[in-house]
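This report looks at how two chains meet and then at one residue. Please view the sequence and structure first.

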Amino acid sequence: MSNDHSHHHDHGHDHVHADPHAPRKDLEDIPPTYHQALADAVAELLIEKGVFTGGDLRDTIEYMQGRTPELGAKITARAWTDPEFKAKLLTNAKEAAAEIGIDTGPAPLLVMENTPDVHNVIVCTLCSCYPVFLLGKSPDWYKSREYRSRVVRDPRTVLSEFGTDIAPERELRVHDSTADMRYMILPMRPEGTDGMDEAQLAQLVTRDSLIGVIEVNPPA
Amino acid sequence: MSERRYHDMGGLDAGPVARTEHNFEPWENKTDAIVRLLSNPKSGPLMRIDELRRGIEDMGPGIYDELTYYERWIASVANVLIEKGVIHVDELGRKLEEVKARHAPASTAASEG
């Protein structure tokens, strides 16, 4: 990302010249790739056939965009501050989440607790299963050949690539998700957080700590 | 024991994890929503997640690695819906032309300069 775009300042170029006051060029004006056009074509055919409505499609897109790691963080912070909630979360995650108004989606869900003796991490070696209702869409690396191949065989090295060093004496469990079982990790509450309330604690919890590739850092 | 297929990669050798991610584009969100609506029991379901996966796993190793994640999804959705007779290949072809025509350069020519 350095000077490879400098030629755009040449007025003879066919590139649209950037005028800071001009309305933004509409995304619609950029010709779609084959797969982008395919998504539109399939959606429109299904709407025409009455399989679902345009409203259903918009609502679903919006609903799924509202699924973000903040939901997983909220569940975690509640578990850290409410032992009864935590006990329920570890035995019946769907019901526990529903109690605080969080929908975990159609797939069954298990929450695995990290402790001083055991660290947990999730993967889907066959495809891309992920607790999408609690964390949103998964990052590209989660679906990569490298992560899916190696984290089940050499998890300590893979975690070290994320800057996480798990002590040799601490057990490391890798959970391979499927369409029939999703996992989320309950990270350990970091030191130095005794005075913090639930909302402050939730701020510390990151997506990657709920996947299990990192731990939750103490407040800076 | 049969040989493993290319999507079944757990335990194989591979390079270091490149921690890439990107912001999802509107067509990716749309594709995701199409799959959720089709796999919802309220639609039948017309297409189960297992069928989505089977469509992806049948693509062949070359295509599997070349396409991006949601490209694999929408290609699988289109194939499975055609197979099941929910949509027909000729109407999909016509609709694709219609979508492309809507984005034809004529509408943008005036803004150049």
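## The interface of chain A and chain B

Across the interface of chain A and chain B, 22 residue pairs are in polar contact, both residues at pLDDT 80 or more. A polar contact is a pair of N or O atoms within 3.5 Å; within protein, one must be able to donate a hydrogen and the other to accept it, and residues adjacent in sequence count only if both atoms are side-chain atoms. On the side of chain A that touches chain B, the residues divide into 29 nonpolar, ten polar and 20 charged. Here Ala, Val, Leu, Ile, Met, Phe, Trp, Tyr, Cys and Pro count as nonpolar, Asp, Glu, Lys and Arg as charged, and the others, Gly among them, as polar.

The model is predicted: local features need pLDDT of at least 70, side-chain atom pairs count only at pLDDT 80 or more, and totals for chains, interfaces and linings use all residues. Residues are numbered from 1 along each chain as its sequence is written, chains are lettered from A and ligands numbered from 1 in the order in which they are written, and side-chain values use heavy atoms, leaving out hydrogens and water.

## Contacts between the chains

In total, 59 residues of chain A are in contact (heavy atoms within 4.5 Å) with 58 residues of chain B.

## Pro131(A)

Pro131(A) counts as buried because its relative accessibility is 4%, where buried means under 20% relative accessible area, exposed over 50% and partly exposed in between (1.4 Å probe, protein chains only). Leaving aside neighbours within four places in sequence, Pro131(A) is in contact with residues including Leu109(A) and Tyr183(A). The C-alpha atoms of Pro131(A) and Leu109(A) are separated by 7.8 Å.
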